[in-house]
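Q: Can you walk me through the salt bridges and the core packing in this one? Here it is.

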Amino acid sequence: MSDSSLTSSQNINGIYIPVGLLIFGTFIVKREWVPYAAIVAVAIGALKLYSQLPKKVLKPDVFQEFELKEKTVLSHNTAIYRFKLPTPTSILGLPIGQHISIGAAIEQPDGSSKDIVRSYTPISGDHQPGYIDLLIKSYPTGNISKHMASLAVGQTIRVKGPKGAFVYTPNMVRHFGMIAGGTGITPMLQIVRAVIRGRAAGDKTEIDLIFANVSPTDILLKEDLDALAEQDKGFRVHYVLDNPPEGWTGGVGYVTADMITKWLPKPADDVKILLCGPPPMVSGLKKTAESLGFKKARPVSKLEDQIFAF
């Protein structure tokens, strides 16, 4: 992230020194003009500072094109796609907990073209200007995910937003219990990072995350998650595998009521359960959480719900 603070070297060299030279030079040449020179210098400096402020680029009703800058392959079907924003100081303007729509014209079996739109949550945030990172797993039957996998650096995608009923605010609850499956980790990671960034400002939110996958190679961003858990004692991650290797000490099989009871917070008014993953998994976990005493989940989640499914 570029340093845009008032005392950065960029501002000292690009604003303060030129402004000072303008005023000092005017003083030497014609000192009675100094007040006017000072007014002009302050105006120029203010415009320069304003131009460096982060600019939000997301529009809820208009698709915009962003260019693929970099692709980091994580596995045979998963990658992190980094897209450039219009300027180095541009930010997406996406509230924590919300997502974006990605649209593309996808060729159909009959040769026609159809506009397809899907929702994704970036794993980057507005504290990282100039780009957005998307973690996407490509599926054989996935329209947008297959399209993303076919993109070459320099090609573009269409994006609009924000979307979603969930917006995170610091200390909105005492404790989050999160359950994610596969790429359902993306909104969870977004919230976890926001909570940890907010510690210095007083965010005391506790987080326990159950992350379920098929095998060890399917655990996306494990190093990042482990590093965050090591960095912050208020965040704990619990792994569950359907096909565990020999010597595996984490959970095995599907996420069960016993796992939720063991690892996640007990039902309370200041607790929320967040779910994201394949629809059958989310549907089953809603019922499991309800059986443990959490308030009944709605078919479409609202921000105030105790069980919220992304």
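Q: What does arginine 193 form a salt bridge with?
A: In this predicted model, arginine 193 pairs with aspartate 224, and the closest N and O atoms are 3.4 Å apart. The two sit in distant parts of the chain, 31 residues apart, with arginine 193 in helix H4 and aspartate 224 in helix H5.

Q: How exposed is aspartate 224?
A: Partly exposed, at a relative accessible area of 31%.

Q: And lysine 222, what is its salt-bridge partner?
A: Aspartate 226, with 2.8 Å between the closest N and O atoms. Both are in helix H5, four residues apart, so about one helical turn separates them. Lysine 222 is partly exposed at 31%, and aspartate 226 is partly exposed at 30%.

Q: Lysine 295 and aspartate 269: buried or exposed?
A: Both are exposed. Their side chains form a salt bridge at 3.7 Å, N to O. Lysine 295 lies in the loop between helix H7 and strand E14, and aspartate 269 in the loop between helix H6 and strand E13.

Q: How many salt bridges does the structure hold?
A: Twelve.

Q: Switching to packing. How many residues are in the largest nonpolar core?
A: It has 34, and Phe176, Met178, Ile191, Leu209 and Phe235 have the most contacts inside it. Helix H4 gives the largest share, eight residues.

Q: What is leucine 209 in contact with, beyond its sequence neighbours?
A: Its contacts include Met178, Ile185, Leu225, Phe235 and Val237.

Note on methods:
Residues numbered from 1 in each chain as written. Predicted model: local features only at pLDDT ≥ 70, side-chain atom pairs only at ≥ 80, totals over all residues. Heavy atoms only, no water. Core = buried A, V, L, I, M, F, W, Y, C linked by side-chain atoms within 4.5 Å. Buried < 20%, exposed > 50% of the residue type's maximum accessible area, 1.4 Å probe, protein only. Contact = heavy atoms within 4.5 Å. Salt bridge = Lys/Arg side-chain N within 4 Å of Asp/Glu carboxyl O. Lists of a residue's contacts leave out its neighbours within four places in sequence.
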